[in-house]
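Subject: Structure for your review

Dear colleague,

Please find below the structure that I am handing over to you. I would be grateful if you could read the notes that follow with the structure open beside them.

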Amino acid sequence: MTEALLSVRDLVVEFPKRKTKLTALDKVSFDIHPGEILGMVGESGAGKSLTGAAIIGLLEPPGHVASGEIWLKDQRIDQLPYEQMRRLRGKRIAMIFQDPLTSLNPILTIADQLIETIQTHLPLNDKDARARAIQLLDEVGIPAASKRIDDYPHQFSGGMRQRVVIALALAGEPELIIADEPTTALDVSVQAQIIDVLKRMCHEHKTAVMLVTHDMGVIAEACDRVAVMYAGRIAEIGEVRQIVKHPQHPYTQGLMGSIPSIAERVDRLTQIPGSMPRLDAIPSGCAFNPRCTQKIARCTQDRPELIATELGRVSCWLYDGETP
Amino acid sequence: MIAMLIRRLIQAALVMLVVAFISFSLFQFVGDPINNMVGQEASQQDRAELRERLGLNDPIPVQFVRFVGNALQGEFGISYRMARPVSEVILERLPATLELALVSGVLAISLGIGLGVYTALRRDGWLSHFIMSSSLIGVSLPTFLIGILLIFVFSVELQWLPSFGRGETVQITENWSTGLLTTSGWKSLILPAITLGLFQLTLLMRLVRAEMLEVLRTDYIKFARARGIKQRSIHFHHALKNTLLPVITIAGLQLGSIIAFAIITETVFQWPGVGLLFINAIRFVDIPFMSAYLLLIALVFVVINLIVDLLYFAVDPRLRVTKRSASR
């Protein structure tokens with residue numbers, strides 16, 4: 001396997017409160033390889049978006065990285081001063097947000113926003129930057145890009161705006177894009193197109209993607225590997241096919257089981273009993289143990305680390321002692 | 001664009017017509033104008049003659065049309081108190097009020113926006129906390145008290161600045177005299193301008209700060225940060241314009257009230273402007289002057305609102321007509 005592009009090691013993100021502190025991410029570790037698409041799934045509040053924000057250094061205060069390391073190739077980036085981190089953003093790591101309707105500045109033209117981003121990272125004059133901007137818009141599938149570039153965001157539809165957002169994210173030729181639920185705000189017919197554009201662009205530009213979503217369909221469609229998050233921890237990580245077909249962690253099994261299938265008719269959708277714990281009430285041991293149907297004594301006492309199995313890596317005591 | 005302009009102009013004309021009607025009714029309802037004009041010895045016949053001559057026996061609509069016609073030509077009748085044409089008196093005093101309003105308006109808008117942006121960007125700095133706390137004074141103290149306090153400190157105790165009047169003025173045209181060209185003129189202007197503008201300054205500042213903080217939390221600012229756009233450009237290129245959009249309306253209205261409510265400041269500082277004249281007019285029930293003043297202030301507000309609408313149009317691309325429709 002090639003050297004990892006991004007390595008996150010034991011990442012802990014905390015939000016200090018008046019007396020206590022909330023641990024929103026608890027020892028999260030994973031790698032993303034060059035050109036790979038890694039999916040991040042989990043319920044709302046599991047810490048998917050927060051992981052993205054921590055990597056690009058845009059955690060909202062008072063949230064901060066309390067411990068752990070983030071490496072981009074051989075550079076450690078979790079403690080960079082603001083100005084160095086700024087140079088890196090857009091140039092090496094870019095980010096796409098959920099809602100294309102609010103991601104673009106309403107009173108600047110697409111040209112303004114694209115050209116400024118390009119010139120921030122690449123030494124191009126106005127004319128060349130504009131040519132590159134038009135080329136990018138063309139690549140993401142905006143018809144008549146050279147005319148539409150001088151339009152304002154409100155003159156585009158939601159799907160078109162998300163294409164513009166993708167063009168903006170790719171403007172500095174980043175090695176990694178963190179896409180934070182890029183299709184959630186779009187209607188279903190447009191979702192597939194956007195995922196397509198994202199896949200194609202990243203393939204052509206050899207960009208790795210961390211795709212945050214709670215849509216298993218999108219994961220199965222687009223990703224190479226997938227990480228399942230639960231209560232600020234990674235429950236399971238592995239190849240998409242393995243996770244979809246042979247989920248190991250009881251939580252992942254529940255997640256997969258809750259996806260309705262067209263093949264069989266059911267009156268009631270299956271669901272995992274209970275709900276995810278609040279950050280100030282995470283149970284000891286495995287965070288999932290109160291909802292788990294296969295709980296053993298050890299689960300309430302010790303916290304499981306990621307254990308390598310033959311199918312992937314899973315943090316569950318059921319798999320302790322198995323040799324890969 | 002043209003259609004919008006015409007629509008706005010018609011609206012403005014309608015507003016002015018309504019105000020004109022109110023002005024006009026002042027004559028009808030606030031006492032009998034004849035009583036104010038003739039002496040005590042005037043006979044019943046003299047009164048009837050004067051009434052006929054002034055057209056007060058005509059039907060009300062006819063009188064109103066005549067009033068509007070005269071107003072359009074700048075004819076507001078003779079001031080009861082000064083026995084001179086009202087328009088002449090107002091024109092003579094208007095420059096003083098406009099100068100005062102202009103200086104305090106510029107002061108309020110520039111400092112209001114500047115300090116608002118500063119306190120938003122340096123939210124936790126001690127200077128920001130200091131500015132924010134002291135701005136409460138500007139918002140809560142009444143204007144006349146601020147004026148009197150300023151006079152007490154800077155004129156009575158320190159004796160740096162004059163406490164009343166306009167100082168020396170320079171006659172530019174027959175009706176236009178300015179205090180902006182002499183040192184004593186500027187010195188006299190400082191205290192009244194601060195007094196008049198302080199409330200608007202603090203109001204604008206707090207508004208700009210709140211708007212800016214709001215804008216800095218939006219997704220497009222986060223996205224701009226995620227693209228590595230320079231801090232400076234994020235603050236002043238991406239955020240400031242969006243911040244100022246809603247501020248324009250308030251700033252316009254505040255500018256109007258600076259002119260309209262200069263009355264109090266002019267009284268405190270004995271500033272020889274229209275406002276001071278208006279206070280005296282009320283005391284003497286000088287109806288022609290009062291109705292003309294009412295119309296003038298209405299005109300100021302209508303014109304400022306029109307300018308604000310046009311500014312919006314120029315600044316916010318979303319209001320302009322879309323040339324090409326959105327497509328998926």
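The notes below describe a sheet and its helices in chain A, and then a helix pair in chain B.

Please bear in mind that this is a predicted model.

The sheet of chain A

Chain A contains an open sheet of eight strands with mixed pairing, in the order β6-β7-β8-β3-β9-β10-β12-β11. Its edge strands are β6 (93-96) and β11 (307-308), each of which pairs on one side only.

With β10 (residues 233-239) of chain A, β9(A) pairs in the antiparallel sense over six bridges, and here A:V226 is partnered by A:G238. β9(A) and β10(A) form a hairpin with two residues between them, and A:A231 in the turn has a positive phi of about 50 degrees.

In a regular strand, side chains alternate between the two faces of the sheet. In β9(A), both faces are covered: A:R225, A:A227 and A:M229 are buried on one side, and A:V226, A:V228 and A:Y230 are buried on the other. Because six of its six residues are buried, β9(A) is largely enclosed by the rest of the structure.

Helices of chain A

Helix α7 (residues 158-170) of chain A lies across β6 and β7 (176-180) of chain A, and runs at about 170 degrees to β6(A). Helix α11 (residues 250-257) of chain A lies across β9 and β10 of chain A, at about 105 degrees to β9(A).

Helix α1 (residues 48-56) of chain A has eight of its nine residues buried, and is therefore largely enclosed by the rest of the structure. Among the buried residues are A:K48, A:L50, A:T51 and A:I56. Just after α1(A), A:G57 takes a positive phi of about 75 degrees.

A helix pair in chain B

In chain B, the axes of α6 (residues 126-140) and α8 (residues 183-216) come within 8 Å and cross at roughly 130 degrees. That angle makes α6(B) oblique to α8(B), and the crossing is left-handed. The contact is made by B:S135, B:G138 and B:V139 of α6(B), together with B:L198, B:F199, B:L201, B:T202, B:L203, B:M205 and B:R206 of α8(B). By class, this contact has six nonpolar, three polar and one charged residues.

With kind regards

Conventions. Residues numbered from 1 in each chain as written. Chains lettered and ligands numbered in written order. Predicted model: local features only at pLDDT ≥ 70, side-chain atom pairs only at ≥ 80, totals over all residues. Buried ≥ 20, exposed ≤ 12 C-beta atoms within 10 Å, placed from the backbone. Helix = DSSP H or I, 4+ residues; strand = E, 2+ residues; numbered from the N terminus. Pairing = 2+ DSSP bridges. Contact = placed C-beta atoms within 7 Å. Axes fitted to C-alpha atoms, helices over the stretch in contact; angles between N-to-C directions. Parallel < 35°, antiparallel > 145°, perpendicular 65-115°, else oblique. Left-handed = near helix turned anticlockwise from the far one by under 90°. Nonpolar A, V, L, I, M, F, W, Y, C, P; charged D, E, K, R; others polar.
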